[in-house]
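Colleague: I have a few questions about this one. Can we go through the strands and then the aromatic rings?

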Amino acid sequence: MVEQKNHKKQLHELAVLKIGKAEFSPFGDVIDVREETISPDRIGKEDKTGLAYQKNPVMIPINQGRATRFHDLAKVEAEGEKPRVLINVFRSLPIDFPVQIDMMERHPYGSQAFLPAGENPFLVVVAKDEGGKPSTPQAFYCPPRVGVNYHKNVWHFPLLALFKTSDFYVIDRGGVENNLEEYFYQDEAWKISRLPDFCK
């Protein structure tokens, strides 16, 4: 862990962006079944526009047609000595604005997925790695019923629930090694002063 120095930091405003699978792909997966779903027999075939259907996501009828499986929505990673996949519930208090982003964490041995248990939205803040340290953060708004999966070793800020106390199903890695690395920005920090209009 890199310790935080006690001196005044340069503070930058951090914009909140709409989350999308393409925009978030450098950091992980967006878990979202609100978009158009397709059945396995249509993959690779042309739609009405002449383009091939993609896996976005695959929808599979199961249980004699009484249920639908949205298949393989995220890449789950669990590495190291005696790894196993954990299923947890995190109960997160809502944030107050402005919120300051002055550190990042990552998990070197496994992915970490957050699936909201209710209808509440939340914020995610991530950063690309630059020489073993997080670069400038990026913030995304996750609307209700949308989750994220951080890939192994991706820098991110701890969970930011909005409006009320919220429960999240969290899928991550257990094992022998310490799976948490933290970094505190030394000379600068970022703040999110408010939500943009599209979040309201």
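Modeller: Two strands count as paired if DSSP finds at least two bridges between them. Keep in mind that this is a predicted model.

Colleague: Fine. In what order do the three strands of the open sheet come?

Modeller: The order is 1-19-7, and the pairing is mixed.

Colleague: Which are the edge strands?

Modeller: Strand 1 (10-13) and strand 7 (99-101); each of them pairs on one side only. From one strand to the next, the twist averages 35 degrees.

Colleague: Do strand 1 and strand 19 run parallel or antiparallel?

Modeller: Parallel, with four bridges joining strand 1 to strand 19, which covers residues 188-192. Within strand 19, Ala189 is the residue opposite Leu11.

Colleague: Now the hairpin. How many residues sit between strand 4 and strand 5?

Modeller: Four residues lie between them, and Asn63 in that turn has a positive phi of about 55 degrees. Strand 4 (residues 58-62) pairs with strand 5 (residues 67-71) in the antiparallel sense, over five bridges. Val58 has His71 in strand 5 as its bridge partner.

Colleague: On to the rings. How many aromatic pairs does the structure hold?

Modeller: Ten aromatic pairs. One of them is Phe24 with Phe27, a tilted pair with 5.8 Å centre to centre and 55 degrees between the planes.

Colleague: Why does Phe24 count as buried?

Modeller: Because its relative accessibility is 0%, and buried means under 20%. Phe27 counts as buried too, because its relative accessibility is 2%.

Colleague: What about Phe122 and Phe168, how are those rings arranged?

Modeller: They are edge-to-face, 5.0 Å centre to centre with 80 degrees between the planes. Phe122 is in strand 10 (residues 122-127) and Phe168 is in strand 17 (residues 166-174), so this pair ties together parts that are 46 residues apart in sequence.

Colleague: Are Phe122 and Phe168 buried or exposed?

Modeller: Both are buried.

Colleague: Back to Phe24 and Phe27. Which aromatic cluster are they in?

Modeller: One that they form together with Phe90, Phe114, Phe140 and Tyr150.

Colleague: Last topic, charges. Where does the charged end of Lys18 sit?

Modeller: Over the ring of Phe198, 5.3 Å from the centre of that ring.

Notes. Residues numbered from 1 in each chain as written. Predicted model: local features only at pLDDT ≥ 70, side-chain atom pairs only at ≥ 80, totals over all residues. Heavy atoms only, no water. Phe/Tyr/Trp six-rings, centres within 6.5 Å; stacked < 30°, edge-to-face > 60°. Buried < 20%, exposed > 50% of the residue type's maximum accessible area, 1.4 Å probe, protein only. Helix = DSSP H or I, 4+ residues; strand = E, 2+ residues; numbered from the N terminus. Lys NZ or Arg CZ within 6 Å of the ring centre and 35° of its normal. Axes fitted to C-alpha atoms, helices over the stretch in contact; angles between N-to-C directions.
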